[in-house]
Amino acid sequence: MPRIHFFEFEDLPWFPHILRNYMTDFLQAVSHLFDVYEPIIPIIEKGLAKSKTNVIIDLASGGGGGWKKISSTLKETYGDHKILLTDLYPNLDSLDSLANQSSYMEVCRGSVDARCVPKLLNGLRTQFLSLHHFHEEDVQSIFQNTVDDEQVLAVFEITERSLKGVLSIMFMPITTLLITPMITPFSIFRLVLTYILPILPFLILWDGMVSVFRTYSEKELRLIIEKVKGSENYVWEIGKKTKGPGQVFYLLAYPK
Ligand SMILES: C[S@@+](CC[C@H](N)C(=O)[O-])C[C@H]1O[C@@H](n2cnc3c(N)ncnc32)[C@H](O)[C@@H]1O
């Protein structure tokens, strides 16, 4: 299947903030309810060890993704850690709510662009479900920025550019209808836009399907890595971890 970089509503600068937040809240709820990232905890632990810090700088955090579950598991398996949640368009309602429930999480209130992370933010850089949002030259900037700043980067994607990936996204509207009452923060408007005017199930289906076609393959990422100056001084581990019918694709980059 060829990679097609069609538009996602979430990426449009004019897209209403409230709708973007509802969509990233949905992703947060799915990641939490299905504990999607349970198999990649060892990758995060390895990334922390390689970065010689216990600080995680999460880029493109959206509504916080899987961090609630990941952080509570890390607490058991790794111990003390700090997670700074950042985004170009931070979903402050959800991020603040997560941070208020955990002493391990903090929210960066300003906008942080994953392509050019401020130098004062030191720690393991993570990106969940967001690499496909970037064009090839932007992915190259993310990798170059990591190498230039001598940082460690861990990237995770759960979409798959395959027939199986397309079929699994087809269930998204049903999942949306089933889990919406459990999504926090509670909002009557979210219920209206799901059950009375089903705009949210449509937006989630659209962005989900586009994400599938935007997902990078290992081969495409290796071609981008070749263009990064100094990439030969880094280890670029790429692989998959499975959980039931699902999978998490990962890339871990750290200095040799
Ligand atoms: C699909 S959401 C993923 C959210 C979250 N990481 C999760 O797992 O649920 C993609 C996020 O990427 C953010 N984003 C898009 N372009 C960005 C950029 N250049 N820098 C930082 N974040 C960006 C969007 O605001 C959105 O919150």
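Visitor: What radius of gyration would a compact globule with 256 residues have, and what does the chain have?

Guide: The radius of gyration is taken over C-alpha atoms, and the globule rule is 2.2 Å times the number of residues to the power 0.38. For 256 residues a compact globule would come near 18 Å, and the chain has 17 Å, which agrees. Along the principal axes, the C-alpha atoms fill a box of roughly 55 × 45 × 35 Å. This is a predicted model, in which local features need pLDDT of at least 70 and side-chain atom pairs count only at pLDDT 80 or more, while totals for chains, interfaces and linings use all residues. Residues are numbered from 1 along each chain as its sequence is written.

Visitor: How many helices and strands does the chain have?

Guide: Helices (H or I, at least four residues) and strands (E, at least two) are DSSP runs, numbered from the N terminus. The chain has 10 helices and 7 strands.

Visitor: What share of the chain is buried?

Guide: A residue is buried if 20 or more other C-beta atoms lie within 10 Å of its own, exposed if 12 or fewer, and partly exposed in between, with C-beta atoms placed from the backbone. Buried residues make up 41% of the 256 residues.

Visitor: Which residues of helix α3 are buried, and on which side?

Guide: The general idea comes from helix geometry. An α-helix has 3.6 residues a turn, so residues three or four places apart point the same way. In α3 (residues 67-77), the buried residues are Trp67, Ile70, Ser71 and Leu74. They lie on the same side of α3, because they cover an arc of only 95° around the axis; the arc is that of the directions from the helix axis to the C-beta atoms. Ser72 and Glu76, on the other side of α3, are exposed. Just after this helix, Gly79 has a positive phi of about 105°.

Visitor: What covers the buried residues of α3?

Guide: Packing is read from contacts: two residues are in contact if their C-beta atoms, placed from the backbone, lie within 7 Å. The cover over the buried residues of α3 includes α2 (41-51), β1 (55-59), β2 (82-85), α4 (92-101) and β3 (105-107).

Visitor: How far does helix α5 reach, and which of its residues are buried?

Guide: The expected span of a helix is 1.5 Å times one less than its number of residues. The 13 residues of α5 (residues 136-148) reach 18 Å from first C-alpha to last, close to the 18 Å expected. Its buried residues are Val139, Gln140, Ile142, Phe143 and Thr146. Their arc around the axis is only 160°, which puts them on the same side of α5. They pack against β4 (124-128), β5 (153-157), α10 (218-226) and β7 (246-255). After α5 comes Glu150, with a positive phi near 55°.

Visitor: Against what do the buried residues of α9 pack?

Guide: Among the buried residues of α9 are Leu200, Leu203 and Ile204. The buried residues of this helix pack against α1 (17-33), α6 (163-170), α7 (172-179) and α8 (188-196).
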